[in-house]
Amino acid sequence: MKKIEAIIKPFKLDEVREGLSEVGITGLTVTEVKGFGRQKGHTELYRGAEYVVDFLPKIKIEIVVADETVEPAIDAIIKSARTGKIGDGKIFVSSVEQVVRIRTGEANEAAI
């Protein structure tokens, strides 16, 4: 099993959710986060004064999938989240040792 974490632009969330749904992924966790990469923030003008926005709003999506579902899930995220501009985000994949569904006690693949 693998955990896929994707950091994307907020307005791309619905497209990514639909793309994941098309490849059979039914559950995900979404968190509103802030950060920056190569963008390093930007300058905005508010009431005539310039100020620097260091941390940009992003969305973090977390899903746990079976090994054979990793590539289709990554492809769906890339296809749905890409704008072609800086700040499109990143995808991280890590191994998951164990999963347990609290309600039923199901473990690992059955609990996904």
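The side chain of Glu62 makes a polar contact of 2.9 Å with the side chain of Lys3. A polar contact is here a pair of N or O atoms within 3.5 Å; within protein, one atom must be able to donate a hydrogen and the other to accept it, and residues adjacent in sequence count only if both atoms are side-chain atoms. The model is predicted: local features need a pLDDT of at least 70 and side-chain atom pairs count only at pLDDT 80 or more, whereas totals for chains, interfaces and linings use all residues. Residues are numbered from 1 along each chain as its sequence is written, and side-chain values use heavy atoms, with hydrogens and water left out.

The average pLDDT (the predictor's confidence in each residue, from 0 to 100) is 90 for the chain, and 91% of the residues score at least 70. Confidence is highest in strand 6 (residues 90–95), with a mean of 98, and lowest in strand 3 (residues 42–46), with a mean of 65. Helices (H or I, at least four residues) and strands (E, at least two) are DSSP runs, numbered from the N terminus. Where pLDDT is low, the predicted coordinates should not be read in detail.

Glu62 is placed in strand 5. With a relative accessible area of 19%, Glu62 is buried; buried means under 20% relative accessible area, exposed over 50%, and partly exposed in between (1.4 Å probe, protein chains only). Apart from neighbours within four places in sequence, Glu62 is in contact (heavy atoms within 4.5 Å) with Lys3, Ile4, Glu5, Leu28, Thr29 and Thr31. The C-alpha atoms of Ser94 and Lys3 are separated by 5.2 Å, although the two residues are 91 apart along the chain. Ser94 counts as partly exposed, at 32% relative accessibility.

The largest nonpolar core contains 16 residues, and those with the most contacts inside it are Ile4, Ile8, Val16, Leu20 and Ile63. Such a core is a set of buried Ala, Val, Leu, Ile, Met, Phe, Trp, Tyr and Cys residues joined through side-chain atoms within 4.5 Å. At least two residues of this core come from each of strand 1, helix 1, strand 5 and helix 2. Helix 2 gives the largest share, six residues. The contacts of Ile4, not counting residues up to four places away in sequence, include Ile61, Ile63, Val70, Ala73, Ile74, Ile77, Ile91 and Val93.

Helix 2 (residues 70–81) has 12 residues, which at 1.5 Å a residue should span 16 Å; its end C-alpha atoms are 16 Å apart, in agreement. The expected span is 1.5 Å times one less than the number of residues. Its buried residues are Val70, Ala73, Ile74, Ala76, Ile77, Ser80 and Ala81. Seen down the helix axis, these fall within an arc of 160 degrees and so line one face of helix 2; the arc is that of the directions from the helix axis to the C-beta atoms. The buried residues of helix 2 are covered by elements that include strand 1 (2–8), helix 1 (13–22), strand 5 (56–65) and strand 6.

In helix 1, Val16, Gly19 and Leu20 are buried. Viewed down the axis of helix 1, they fall within an arc of 95 degrees, so they line one face of the helix. Their cover includes strand 1, strand 5 and helix 2. Gly24, which follows helix 1, has a positive phi, near 95 degrees.

Ser80 of helix 2 is buried, with a relative accessible area of 10%. A polar atom of the Ser80 side chain lies 3.3 Å from the backbone oxygen of Glu15.

Asp88 occupies the loop between helix 2 and strand 6 and is buried, at a relative accessible area of 18%. Its side chain forms a polar contact of 2.4 Å with that of Thr83, and a polar atom of the Asp88 side chain lies 2.9 Å from the backbone nitrogen of Gly84.

In the segment after strand 6, Asn108 has a positive phi of about 55 degrees although it is not a glycine. Most residues other than glycine have a negative phi. Asn108 counts as partly exposed, at 31% relative accessibility.
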